[in-house]
Amino acid sequence: MSEPRFVSTRGAAPAVSLSEAIAQGLAPDGGLYIPSHLPAVDVGSCVAGSRLPEIARGALAGFFEGDRLRRALGEIADAALDVPAPTTAVAGCPDPLFALELFHGPTAAFKDFGARFLAASLERLETGQPQTLTILVATSGDTGGAVAAAFHKRPWVRVVILYPAGLVSPRQEQQLTCWGDNVSSLRIAGTFDDCQRLVKEAFSDARLNRGHRFSSANSINIGRLLPQMVYYVASSLEIERRTHAKASYIIPAGNLGNAFAAVWARALGFPIERIVLAHNVNRAVPDFLKNGVWQPRPSIATLASAMDVGNPSNMERMRALYPSLSEIREQLSADSVDDATIRSRIGEDFMRYGREWCPHTATAAEVYSRLSVAERRDRPWVVVATAHPAKFNEIVEPIIGKPVTIPESLDRLLRLPQHAVDLPPTLEALAAALE
Ligand SMILES: *Cc1c(COP(=O)(O)O)cnc(C)c1O
């Protein structure tokens with residue numbers, strides 16, 4: 001089969017190489033990059049029990065074929081995927097239930113995998129460029145920390161984080177402001193929407209673009225999606241080895257980036273059966289699967305704040321892969337969980353299994369509990385644990401009645417001094433701060 005080119009979901013931008021798709025992020029027509037066809041993968045080249053960098057070499061090679069990054073794939077995977085993602089059995093559950101733990105990275109959430117892979121890829125594309133790249137990130141909490149951790153101290157890039165004053169949790173704020181060096185943190189007197197608007201204005205401002213070369217490390221970048229496939233490949237092979245059955249995943253979902261990676265891993269032929277999306281009360285996707293009408297809406301604030309997305313951008317990729325409603329319904333199901341139920345699920349699973357879920361993971365655990373007795377008994381289910389509960393201690397600790405142990409890497413970050421600059425939500429203020 002021929003090498004894949006990368007095309008826009010909106011079909012009005014030229015096809016590009018993988019490197020170009022990674023460097024650009026968003027296609028010029030506003031669409032998201034997808035491969036022109038899914039590359040063939042030698043499923044047998046990925047072996048259960050191998051480390052993630054080994055799995056990446058086999059599972060991702062087809063996407064990199066013919067690209068200038070092809071020869072560096074192994075090194076990129078070694079540098080970026082050097083974080084464990086174990087699939088652990090949930091002890092005390094009578095049925096085959098597992099958790100895919102994606103919170104062992106530097107900022108204790110799954111976004112570390114994508115951000116680190118993107119940084120390692122861009123490093124190879126950017127080194128030697130005459131002008132430093134400036135990455136602007138608007139964040140409502142988790143993304144900014146993962147991007148800062150991944151790009152910190154890389155000499156070819158500067159990271160500027162914009163976050164809304166007073167609207168992120170204390171530990172999230174610490175992770176947004178503890179870096180220094182090439183990372184600046186701007187605390188904006190406004191909302192997340194103001195931060196996002198400022199980034200967009202900066203990208204399209206002619207004067208600022210003369211002095212800076214801007215990029216975003218936004219979650220729609222294909223360089224963040226590809227590495228997320230790797231842990232589904234590793235996990236599904238591990239489940240197959242342990243249970244002789246295909247794994248079914250329940251995934252806490254917001255922008256659907258993590259879920260889309262699972263859909264791709266299954267489409268490539270890895271042993272995945274069902275994929276179920278767990279949303280909070282931002283229910284555009286569950287409603288679409290139910291009544292067939294795509295109705296994006298303003299986001300609603302919830303306890304699972306990293307999933308507060310009213311218009312999930314990766315739906316565009318999902319619909320490009322499965323154009324008809326009946327196909328999407330065959331591939332996915334989705335449910336929605338409100339805040340009161342998130343709290344009760346955290347408490348119940350702590351009592352029953354001794355597991356401490358973050359509020360995002362709790363949505364998936366709740367959706368699992370709603371499956372029928374037969375569904376739970378008959379196939380191995382995997383709840384995807386997207387963040388460590390210590391990131392959300394102010395929510396989790398009062399429910400379980402004890403402190404959550406902080407992972408060592410997170411603890412290190414929590415001890416560093418904060419540096420943030422307060423700014424009004426105007427482009428002039430941002431322009432001055434960039435000088
Ligand atoms: C970002 C995030 C999600 C949602 O992931 P998407 O790829 O946007 O669907 C879920 N849980 C946590 C902890 C996150 O940080």
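Helices (H or I, at least four residues) and strands (E, at least two) are DSSP runs, numbered from the N terminus. The structure shown in these views is a predicted model.

**Figure 1. The loop residue L256.** In these terms, L256 is placed in the loop between strand β9 (247-252) and helix α10 (257-267). The phi angle of L256 is near 70°, which is a positive value in a residue other than glycine. With a relative accessibility of 2%, L256 counts as buried, because the limit for that class is under 20% relative accessible area.

**Figure 2. The residues around the ligand.**

**Figure 3. Polar atoms facing the ligand.** K111 places a polar side-chain atom 2.5 Å from an oxygen atom of the ligand. From N258 it is a polar backbone atom that lies 2.9 Å from a ligand oxygen atom. T386 has a polar side-chain atom 2.9 Å from a nitrogen atom of the ligand. The ligand taken alone exposes 380 Å², and the protein buries 96% of that area.

**Figure 4. Helix α4.** Helix α4 covers residues 111-126 and has 16 residues. After α4 comes G128, whose phi is positive, near 95°.

Figure 5. E126 is placed in helix α4. Is this residue, at 8% relative accessibility, buried or exposed? E126 counts as buried, because buried means under 20% relative accessible area. Leaving aside residues up to four places away in sequence, E126 touches L133, W156 and R213.

**Figure 6. Helix α6 and what covers it.** Helix α6 spans residues 170-177, and seven of its eight residues are buried, so this helix is largely enclosed by the rest of the structure. Those buried residues are R171, Q172, E173, Q174, Q175, L176 and T177. Their cover includes helices α5 (142-151), α17 (393-400) and α18 (408-414), together with strands β6 (157-164) and β7 (183-188).

**Figure 7. D181, between α6 and β7.** D181 is placed in the loop between helix α6 and strand β7. Although D181 is not a glycine, it has a positive phi of about 55°. At 58% relative accessibility D181 counts as exposed, because the exposed class begins over 50%.

**Figure 8. S333 in strand β11.** S333 is placed in strand β11, which runs over residues 332-336. Its relative accessible area is 28%, so S333 is partly exposed. Which residues does S333 touch, not counting residues up to four places away in sequence? They are R274, I275, V276, L277 and L289. S333 and A12 are 321 residues apart in sequence, and their C-alpha atoms are 30 Å apart in space.

Notes. Residues are numbered from 1 along each chain as its sequence is written. This is a predicted model: local features need pLDDT of at least 70, side-chain atom pairs count only at pLDDT 80 or more; totals for chains, interfaces and linings use all residues. Side-chain values use heavy atoms; hydrogens and water are left out. A polar contact is a pair of N or O atoms within 3.5 Å; within protein, one must be able to donate a hydrogen and the other to accept it, and residues adjacent in sequence count only if both atoms are side-chain atoms. Accessible areas come from the Shrake-Rupley method with a 1.4 Å probe; for residues, only the protein chains shown count as cover. The expected span of a helix is 1.5 Å times one less than its number of residues. Buried means under 20% relative accessible area, exposed over 50%, partly exposed in between (1.4 Å probe, protein chains only). Contact means heavy atoms within 4.5 Å.
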